[in-house]
Amino acid sequence: SREGNDYSVISKIARIIKDNNIDVVHGHNWSVFIEAALASKYAGVDRFVHTIHGPYMSYDETILSKLKIYLRHVIERILSLFVYRFISVSDSIKNYMSNQIGINEKRIQTIHNGIKGLLKKDRTDVSENTINLISVGRVAKIKNHKLLLDALKIASENIDLHLTVVGDGPELENIKKQADDL
């Protein structure tokens, strides 16, 4: 599909669902929610599950932007009736979905993101007393790596910390520079 919402894909997705006898559709994030919910409903799928990783893009404070957010929330509340279950990756996202959008909290299941600790075996750059942290994902402003590095600078005054950032994105060079400066 093209950038942003592309309603022309709804019938194409519904056709793929029908042609392949799909019983469960799983969508990810707000950017495809409208298209996936409508395609699932149009195709007759009763089990549409949608995972939300975070709030959608930031809007400025203009009246037009506030109107757009309001209308989007109305559409999302209506389409939420077609969703078998929402999955949030944190309690704060669940609260956002419930309090800001108005989705019934009983329809939202939280499954926390998680990752097992890194093995220190064969690592020469950290000591046994080092706490290893990892950030995996897109390096973009919305992920707020800047705040993470600022917080780790303060925390590292009392404990030995090592952060590994795995990912790429428009903020990578800025984050590298900030890490070097800190």
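Student: Which exposed residues does the face of helix 6 turned away from its buried side carry?

Tutor: That face carries Glu173, Lys177, Asp180 and Asp181. Exposed means over 50% relative accessible area, buried under 20%, and partly exposed in between, with a 1.4 Å probe and protein chains only. A note on the model: it is predicted, so local features need pLDDT of at least 70 and side-chain atom pairs count only at pLDDT 80 or more, while totals for chains, interfaces and linings use all residues. Residues are numbered from 1 along each chain as its sequence is written, and side-chain values use heavy atoms, leaving out hydrogens and water.

Student: Why do the buried residues of helix 6 line one face?

Tutor: An α-helix has 3.6 residues a turn, so residues three or four places apart point the same way. In helix 6 (residues 172-181), the buried ones are Leu172, Ile175 and Gln178. Down the axis they fall within an arc of 125°, so they line one face of the helix; the arc is taken from the directions from the helix axis to the C-beta atoms. Their cover includes helix 5 (145-155).

Student: Which residues are buried in helix 1, and which are exposed on its other side?

Tutor: Ile10, Ala14 and Ile17 are buried in helix 1 (residues 10-19). Their arc around the axis is only 60°, which puts them on the same side of helix 1. Lys12 and Ile16 are exposed on the other side. The buried residues pack against strand 1 (24-28) and helix 2 (33-43), where contact means heavy atoms within 4.5 Å. After helix 1 comes asparagine 21, with a positive phi near 50°.

Student: How many helices and strands are in the protein chain?

Tutor: The protein chain has 6 helices and 6 strands. Both are DSSP runs numbered from the N terminus: helices are H or I with at least four residues, strands E with at least two. Their order from the N terminus is α-β-α-β-α-β-α-β-β-α-β-α. Of its 182 residues, 33% count as buried.

Student: Is serine 88 buried or exposed?

Tutor: Serine 88 counts as buried because its relative accessibility is 0%. Serine 88 belongs to strand 3 (residues 85-88), and its side chain reaches the backbone oxygen of serine 90 at 3.2 Å. Leaving aside residues up to four places away in sequence, serine 88 touches Ile52, Ile93, Lys94, Met97, Ile108, Gln109, Thr110 and Ile111.

Student: What does the side chain of histidine 53 make a polar contact with?

Tutor: Its partner is the side chain of histidine 28, at 3.0 Å. A polar contact is a pair of N or O atoms within 3.5 Å; within protein, one must be able to donate a hydrogen and the other to accept it, and residues adjacent in sequence count only if both atoms are side-chain atoms. Histidine 53 sits in the loop between strand 2 (47-52) and helix 3, and counts as partly exposed because its relative accessibility is 35%. Histidine 53 and isoleucine 87 are 34 residues apart in sequence, with 8.5 Å between their C-alpha atoms.

Student: Where is leucine 64, and is it buried or exposed?

Tutor: Leucine 64 is in helix 3 (residues 63-79) and counts as exposed because its relative accessibility is 66%.
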